[in-house]
Amino acid sequence: MNKNRFFFEHYGLAERDLERYLAAALSAGGDYADLYFEYLSSTSLMVDESMVKSASQGISAGCGVRVVSGERTGYAYTDDLSAERILRAASTAALIASAPAKTTVAGFRQKSARSLYPVTLPSVDAEITAKVELVMRADKAARAYDPRIKEVRASYADELRNILVVGSDGTFAEDSQPLARVNVSCIAKTEGNSARGGSGGGGRVALDFFFGDKTPEFFAQEAARQAVLQLDAREAPAGDMEVVLGPGWPGVLLHEAVGHGLEADFNRKKTSAFAGLIGKRVASEKCTVVDNGTMPWRRGSLNVDDEGEPTQETVLIEKGILKGYLSDKLSARLMGISDTGNGRRESYEHIPMPRMTNTYMLAGEDSPEDIIRSVKHGVYAVNFGGGQVDITNGKFVFSASEAYMIENGKITAPIKGATLIGNGPDVLTRVSMVGNDLKLDEGVGTCGKDGQAVPVGVGIPTIKIDRLTVGGTARKDPGGFMQ
Amino acid sequence: MPPTQVETRSPKIETDLRDLAQDIVRRAMKGGATAAECVVREGDEFSTLVRLGQVETLKESGSKSIGVRVFFGQRAASTYSSDFSSKGLDRMLKSALQLAKITSEDPFGGIPEASQLGSLSGDLDLYHEDVYSLPGPQRIDYARRAEKASLDFDPRIKNSEGGSFDAATGHKVLANSHGFVGEYRRSYCSVAAVPIAQTEDGAMQRDYWFSVARTLKKLEAPEHVGKVAAERTLRRLGARKVKTAHVPVIFDPMVSSSIIEHIFEGVNGDSVYRGASFLAGKLGQKIAGDNVNVIDDGTMPGGFGSSPFDGEGVPTRRTVVVDNGVLKSYLLNTYTAKKLSLHTTGNASRGLAGTPGIGPGNYFLVPGGKTPKQLISEVKDGLYVTEFLGHGANLVTGDYSRGASGLWISGGEFVYPVEEITVAGNLKEMFFNISEIANDLEFRGAVAAPTIRLDGLTVGGA
């Protein structure tokens with residue numbers, strides 16, 4: 001399949017049609033209008049009890065029409081790509097505008113964009129039997145890991161999203177966005193005790209990715225390891241203490257604690273705890289945090305965002321100082337800041353808004369061993385479920401799924417899952433050590449905002465936070481922890 | 001300026017979705033399937049958000065989609081499409097029939113027995129066209145009035161994420177190769193306000209309130225919604241952290257429903273047969289205190305979780321899940337029922353693709369006799385939780401740890417707001433420690449619970 005000109009070839013679109021639709025969208029006035037065409041095909045497979053219990057494929061296609069007038073947005077969509085239906089959506093979206101028409105649409109220009117995921121054969125078009133083999137291998141490897149692994153569920157999902165974005169400012173962008181992942185979840189059981197473990201990974205990759213380093217066995221063994229480990233976990237402590245985060249997925253801390261709060265829409269409306277803090281210290285000088293949509297093959301990466309703007313690397317925090325926000329077109333225009341290429345949407349049914357791509361902290365100079373050694377009494381958290389933030393008061397949580405006690409500089413017993421809670425605008429000011437071992441997550445993250453889910457990435461080196469609240473159940477005694 | 005005119009809804013294009021669904025099933029059988037099931041869904045949505053008095057977004061659209069599930073003996077596969085052209089439907093069918101070749105023989109696979117299928121008779125009161133009856137400007141006015149009421153309530157309400165009005169209708173048709181065909185429509189409308197309050201030192205708090213109904217007639221006045229949103233937001237101002245403590249915890253109805261949702265997840269047949277639930281194997285045993293009664297009822301007229309049949313065409317019903325603390329029933333679809341040698345409880349939920357899952361009807365904790373006020377007045381020192389952050393419940397082990405905010409109770413009264421704390425325990429014990437259940441059950445969704453008091457939890461703080 002030719003990735004370019006997808007909608008022109010499959011739906012007989014021509015540039016003059018696009019101009020006509022945009023003109024209809026702006027027929028009642030407005031500053032800007034755009035069209036987002038999407039054609040999404042997807043596959044999913046699930047193995048449970050060593051059987052392929054579920055296989056599904058599907059196609060969803062449509063077009064969203066947006067009209068922006070000042071701070072107002074009108075939006076309508078259609079799953080029928082006929083001229084009549086798109087024009088009807090355009091006139092519905094146009095109802096938001098009430099000024100005399102002033103914008104004309106003439107000609108499009110395509111900005112040069114990267115090619116971050118040049119797959120030769122998108123996985124949706126690959127042989128289904130090869131995908132079945134992947135999940136069956138995952139199942140087998142998890143069961144072989146340890147006799148205590150009793151239940152295994154392995155799944156595979158991929159999609160190919162073809163998009164075309166055109167705007168009344170001449171924006172013209174096409175992209176073909178692959179996405180694939182393998183997930184494994186395991187339950188380990190002993191007499192009277194059960195625990196779960198989970199792992200997975202992928203990215204904007206073709207099927208061959210899973211035949212490289214990151215095989216189904218890799219994810220299966222990781223899931224099984226976590227489940228078996230959790231069988232022996234003891235109660236987690238409760239209260240404020242030193243916390244060390246391991247590298248990779250614990251970067252979800254950054255996503256929740258600072259990332260969302262720096263999305264431009266919240267700051268334009270001054271509803272974020274970070275509003276007005278540009279140029280101020282929000283982290284220790286060891287912390288530099290970026291959002292980078294340009295990393296090849298990554299789950300959170302995009303050649304162009306869902307408004308047709310090329311993605312970029314944006315510095316959010318530099319040596320502890322708040323530098324910038326993540327912006328889409330609307331916020332960029334209203335705030336007079338540059339568009340960072342972070343305008344994203346779940347599908348043609350959704351209005352774009354500022355979203356993260358891959359958000360991570362740059363590596364520091366401390367060795368991970370020194371970081372652990374420096375802790376007298378604290379928690380070492382290496383794997384997390386998800387997190388959540390209230391951007392207005394800045395409070396965020398993230399839930400550890402694999403964690404250990406650190407006692408006198410040594411990692412000791414595994415502890416049960418616990419929620420960690422903190423305050424976004426100051427948690428990073430207590431980061432006293434930053435490791436030299438930056439790692440990104442394996443590629444399974446999905447972020448939700450206003451009911452819209454988009455794939456994202458996170459990353460972090462090993463870091464030490466001098467004080468964070470750990471939400472366990474163990475009763476504290478003055479000398480340490482009771483067993 | 002608001003738009004002066006909003007298009008009134010154009011009449012629906014009457015495609016006969018019933019015929020379409022039955023035709024797809026027939027064609028799947030002709031293609032060699034031994035059983036087939038087709039679902040067609042169409043829906044319309046309208047939403048508007050007004051912020052600081054100005055319309056910020058206006059969205060109006062409709063869409064439809066179709067999904068088919070086929071069986072070849074005991075191999076299953078499913079496909080879906082948003083393309084209703086004959087080419088699109090052909091492709092959907094063809095890929096389903098092909099895909100079924102690569103799945104495994106599952107001895108428990110299949111659609112329900114013919115004798116299990118059916119649709120509740122009578123009007124469940126789920127659909128009211130009036131959700132779309134307001135002219136455009138009045139819909140926007142609903143959103144505006146809700147926001148204005150919150151902004152005008154108190155000078156400390158200084159900002160807002162806006163007021164909103166949403167309306168939606170959905171139409172669902174299900175047909176299968178046993179000759180079942182059923183359909184229903186549902187409607188929905190809501191009005192909400194999300195004010196932001198600020199103290200003199202600049203610290204902000206946000207909260208919200210909403211009203212939701214299947215008909216405009218039952219929607220609360222926007223002014224009331226805005227006022228409650230303002231009160232809920234103001235009471236969070238000046239929140240502080242507390243020291244780690246073991247105290248009674250009272251859950252506001254907005255969060256107590258999440259506690260009984262964990263029982264739902266625990267009795268979900270899918271996690272039960274996998275042994276992935278802290279309630280697996282506990283049928284007939286005590287899992288909660290004598291005062292705990294939990295019911296799932298998909299047949300309640302007007303209910304947010306009501307429907308005449310479930311995702312597989314089985315009539316919905318009323319199931320007692322927990323009776324005086326004893327686990328009486330799991331919640332099951334056809335597959336999980338067969339796995340557990342039980343009968344389906346009519347709780348199948350079906351998306352467009354994949355195997356059916358399990359979803360609640362109207363699922364609730366039966367209320368007790370005391371008022372919420374009495375519950376609070378009986379607490380000497382404790383926490384009143386109004387909001388959770390994060391999802392820290394492990395259904396396998398029962399370990400429970402969530403971020404929370406709320407109000408501190410001292411001497412039976414609220415004394416100050418608290419935040420940045422955690423609430424932790426274990427679900428296996430928590431349901432025995434529900435020491436009080438108040439009388440204020442109110443449905444704002446498919447899952448509901450009154451105010452409850454739990455003892456034995458750890459409140460994590462400084």
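**Strands across the chain boundary**

In this predicted model, strand S3 (residues 72-78) of chain A and strand S2 (residues 54-72) of chain B run parallel and are joined by 3 bridges. Helices (H or I, at least four residues) and strands (E, at least two) are DSSP runs numbered from the N terminus, and two strands pair if DSSP finds at least two bridges between them. Within S2(B), B:Thr57 is the residue opposite A:Thr73.

Residues are numbered from 1 along each chain as its sequence is written, while chains are lettered from A and ligands numbered from 1 in the order in which they are written. As the model is predicted, local features need pLDDT of at least 70 and side-chain atom pairs count only at pLDDT 80 or more, whereas totals for chains, interfaces and linings use all residues.

A further parallel pairing, over 4 bridges, links S2(A) and S3(B); here A:Ser56 stands opposite B:Ser78. B:Ser78 also lies opposite B:Arg69, and S2(B) and S3(B) pair in the antiparallel sense over 7 bridges. The hairpin of these two strands has 2 residues between them, and B:Gly73 takes a positive phi near 60 degrees there.

Strand S3 (residues 75-81) of chain B is largely enclosed by the rest of the structure, because 7 of its 7 residues are buried (20 or more other C-beta atoms within 10 Å of the residue's own, C-beta atoms being placed from the backbone). One side of S3(B) carries B:Arg75, B:Ala77, B:Thr79 and B:Ser81, and the other B:Ala76, B:Ser78 and B:Tyr80, all of them buried.

The contact takes 67 residues from chain A and 64 residues from chain B, two residues being in contact if their C-beta atoms, placed from the backbone, lie within 7 Å. On the side of chain A that touches chain B, strand S2 (residues 51-69) of chain A gives the most, with 12 residues. The predictor gives the complex an ipTM of 0.92 and a pTM of 0.94.

Chain B also holds an open sheet of 7 strands with mixed pairing, in the order S18-S20-S8-S15-S16-S17-S21. Strands S18 (434-437) and S21 (458-460) of chain B stand at its edges, each with a single partner strand, so one side of each is left without a neighbour in the sheet. S18(B) runs antiparallel to strand S20 (residues 452-454) of chain B, with 3 bridges joining them, and B:Ile434 has B:Leu454 as its bridge partner in S20(B).

Key: Buried ≥ 20, exposed ≤ 12 C-beta atoms within 10 Å, placed from the backbone.
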